[in-house]
Amino acid sequence: MTNNICVTDKCEKDRFIVKKYFAKGTSVNKYLNAINKKSDIVPKKGKYVEVNYDFDRMLHYSDIESMLLSFNNLDIVTLEKLYLTADNRQIYGIEIGKGSKVIYIDANIHSGEVGNTVMLMKFMSELLNRYHNNDKQVVNILNNIKLAIIPCVTPDGYEVYNFGKESLNNKKLWLYKNYDKMNIEHIKCNAKGVDVNRNFPSQHAGLYYKSEKLLSNVSLSKTHKDNRFFCGKVLGIESETKSCMYFMNKHYKNIYVYLDMHSQGRVIYNGKPNLSNKFNKISRKFANYVKSYNDYEVYGLSYEEVGQGNDGTATDYMSELAHGFKYSSEILRLSSGSYVESKAKLLYNYPIVTMETLTEYTRDVTKFKYEYYNKKVRDLLFDMLNCDYL
Ligand SMILES: [Zn+2]
């Protein structure tokens, strides 16, 4: 933890400006409690029963839970309960493998991006069935690496996007009350109306929310509309964000690669303009590796608008952890402790990439199937386990 005065970017000169213009961060104690949560491992129950799902129907979140519990019966799997959502759904982190190199993956940070969750469930079931059948190659790989996956970060939103607002138990939630007014086909937010992927307490997070009427250089179109990009009134307090922060802090020192899966237009984002060249270079290299499978477009650094107001993403947060940023008691978010620019030093050397699968938001399982096989998401995920891309 640092007590440094933090200057956040070119137009923000000191901590008073941070406090005035940026959304509040959660208190140091609450932050530390969130990332130091007691581990809550799900006990194994009975024998492993193979899961054989092949995109024949859309999965309810309860199906995903049953699959995860089934996976958990293998010795190579550790299933952990993370936080409970506003509508009382359990968010899970799953670890597969005994090795020290961690391949970290998350999906469905945005509610309507449900395809990756389904593809990851399919991928894990294939991998684990092979392990169960003593496939030598898979057994060797899983002795060498560890997959750390949060397959569905926003279970409430996942269920609402797929099955409608009546899937919410608590009818008082923001999402239930606003469902008919919003464009559900583009839903990003959780049940409380917060875009989880803007709620991470990264250095520049939360500018849009507070600056709406204050800064002319901020695009107002990015706030509040269908609660897309709304970071919440306090950073780092959503159950989904806390689940990711806990799991990231558990693993970030041992990560080999972090793949953040989204679903909007077959592109690959990589690098952060405010962080080290070394980091940007390896992230770019991994982005090109991903492209060699699916031919998605690799976007350059200029597409990453760090410091422009829409920060607070999962990859912002993890990239800053990798650069040794600490939570600042002064500004209540991660901080390098000084003026942050490209000099920030990389402490943990791994790429971080956001892969946007599919062409649009969809609940059509035949499209997931196409992406998985024909756009080679499957091949990519399996080959990533070999750790031979850097
Ligand atoms: Zn997304």
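A residue counts as buried if 20 or more other C-beta atoms lie within 10 Å of its own, as exposed if 12 or fewer do, and as partly exposed in between, with C-beta atoms placed from the backbone. By that rule, buried residues make up 51% of the 390 residues in the chain. This is a predicted model, in which local features need pLDDT of at least 70, side-chain atom pairs count only at pLDDT 80 or more, and totals for chains, interfaces and linings use all residues. Residues are numbered from 1 along each chain as its sequence is written.

**Overall make-up**
- The chain has 13 helices and 12 strands; helices (H or I, at least four residues) and strands (E, at least two) are DSSP runs numbered from the N terminus.
- Of the contacts in the chain with a separation of 6 or more, 80% are between residues 24 or more positions apart; a contact means that two C-beta atoms, placed from the backbone, lie within 7 Å.

- An open sheet of 8 strands has mixed pairing and the order 2-3-5-4-7-12-8-9; two strands pair if DSSP finds at least two bridges between them.
- Strand 2 (77–84) and strand 9 (297–298) are the edge strands, each pairing on one side only.
- Strand 7 (residues 255–262) and strand 12 (residues 352–356) run parallel and are joined by 5 bridges; Met 261 has Met 355 in strand 12 as its bridge partner.
- Strand 2 and strand 3 run antiparallel, joined by 6 bridges, and Leu 84 stands opposite Gln 90 in strand 3.
- These two strands form a hairpin with 5 residues between them, and Asn 88 in the turn has a positive phi of about 70°.

**Helix 9**
- Helix 9 (residues 239–251) has 13 residues and reaches 18 Å from its first C-alpha to its last, close to the 18 Å expected at 1.5 Å a residue; the expected span is 1.5 Å times one less than the number of residues.

**The nonpolar core**
- The largest nonpolar core has 102 residues, of which Ile 103, Ile 105, Met 318 and Val 353 touch the most other members; such a core is a set of buried Ala, Val, Leu, Ile, Met, Phe, Trp, Tyr and Cys residues joined through C-beta atoms within 7 Å.
- Helix 4 (residues 115–132) gives the largest share of this core, 9 residues.
- Leaving aside neighbours within four places in sequence, Met 318 is in contact with Met 248, Tyr 252, Tyr 258 and Ile 352.
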